[in-house]
Amino acid sequence: MVNDIISDMLTRIRNANLAKHQIVQVPSTKMTKKILKVLREEGFIYEFEEIGEDLKNYLIISLKYKGKNKKPVITELKRISKPGFRVYANHKELPKVLGGIGIAIISTSQGIMTDKNARHFGLGGEVLCYIW
């Protein structure tokens, strides 16, 4: 049993990117689906799809590469808020990842969203991870 499902998902995506795999499989939860929806909207992945049996559902993620040498679109994934150390920020303190090049994924009262959207709506929350 994995305690930190978000960290597990980020590690699986990171490892698949390094091995230049087209798809990666992660366990399906509400949180991972919402994070992957944000990644799809921001253009970091192509698509994801839920498959599985009754109790064991998985998400199949199609990773995105650019160029002839298959350079990954996702350069780095970094987990910020961990189960033992939660990191929160109000809307004025929300981080800008690499000066706006990357995104921070924030868990707000209105759902999971990017730092840019949270700033737009004036929402703070838990800083889950950075992606660039």
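1. Where does Asp4 lie? Asp4 sits in the segment before α1 (5–18). Helices here are DSSP runs of H or I with at least four residues, strands are runs of E with at least two, and both are numbered from the N terminus. Asp4 is buried, at a relative accessible area of 15%. Buried means under 20% relative accessible area, exposed means over 50%, and partly exposed is in between (1.4 Å probe, protein chains only). Asp4 touches Arg79 and Pro83, leaving aside residues up to four places away in sequence. Contact means heavy atoms within 4.5 Å.

2. A word on the basis. This is a predicted model, in which local features need pLDDT of at least 70 and side-chain atom pairs count only at pLDDT 80 or more, while totals for chains, interfaces and linings use all residues. Residues are numbered from 1 along each chain as its sequence is written, and side-chain values use heavy atoms, with hydrogens and water left out.

3. The sheet. Three strands form an open sheet in the order β1-β3-β2, with antiparallel pairing. The edge strands are β1 (23–27) and β2, each pairing on one side only. From one strand to the next, the twist averages 25 degrees. Strands count as paired if DSSP finds at least two bridges between them. Five bridges join β1 to the antiparallel strand β3 (residues 57–63). Val24 has Ile61 as its bridge partner in β3.

4. Helices on the sheet. α1 packs on the sheet and touches β1 and β3, and its direction makes about 165 degrees with that of β1. α2 also packs on the sheet, touching β1, β2 and β3. The direction of α2 makes about 155 degrees with that of β2. Axes are lines fitted to C-alpha atoms, for helices over the stretch in contact, and angles run from 0 to 180 degrees between N-to-C directions.

5. Helix α2. This helix (residues 30–41) has 12 residues and reaches 17 Å from its first C-alpha to its last, close to the 16 Å expected at 1.5 Å a residue. The expected span is 1.5 Å times one less than the number of residues. Thr32, Ile35, Leu36, Val38 and Leu39 are buried in α2. They lie on the same side of α2, because they cover an arc of only 155 degrees around the axis. The arc is that of the directions from the helix axis to the C-beta atoms. Lys30 and Glu41 are exposed on the other side of α2. Just after α2, Gly43 takes a positive phi of about 85 degrees.

6. Salt bridges: how many does a search of the whole structure find? It finds six. The criterion is a side-chain nitrogen of Lys or Arg within 4 Å of a carboxyl oxygen of Asp or Glu. Side chains of opposite charge can pair when their charged atoms come close. Three of these bridges follow.

7. Arg12 and Asp8. Their side chains meet in a salt bridge at 3.1 Å, N to O. Both residues lie in helix α1, four residues apart, about one turn of the helix. An α-helix has 3.6 residues a turn, so residues three or four places apart point the same way. Arg12 is partly exposed at 30% relative accessibility, whereas Asp8 is buried at 18%.

8. Lys33 and Glu50. The closest N and O atoms of this salt bridge are 3.2 Å apart. Lys33 lies in helix α2 and Glu50 in strand β2 (residues 45–52), so the pair ties together parts that are 17 residues apart in sequence. Lys33 is partly exposed, with a relative accessible area of 30%. Glu50 is partly exposed, with 38%.

9. Arg86 and Glu126. In this salt bridge the closest N and O atoms are 3.0 Å apart. Arg86 lies in the loop between β6 (77–79) and β7 (88–89) and Glu126 in strand β10 (residues 125–131), so the pair ties together parts that are 40 residues apart in sequence. Arg86 counts as partly exposed at 43% relative accessibility. Glu126 counts as buried at 12%.

10. Glu76. This residue is found in the loop between β5 (71–72) and β6. Glu76 is partly exposed at 32% relative accessibility. Glu76 and Ile131 are 55 residues apart in sequence and 5.8 Å apart in space, C-alpha to C-alpha. Glu76 touches Arg14, Tyr130, Ile131 and Trp132, not counting residues up to four places away in sequence.
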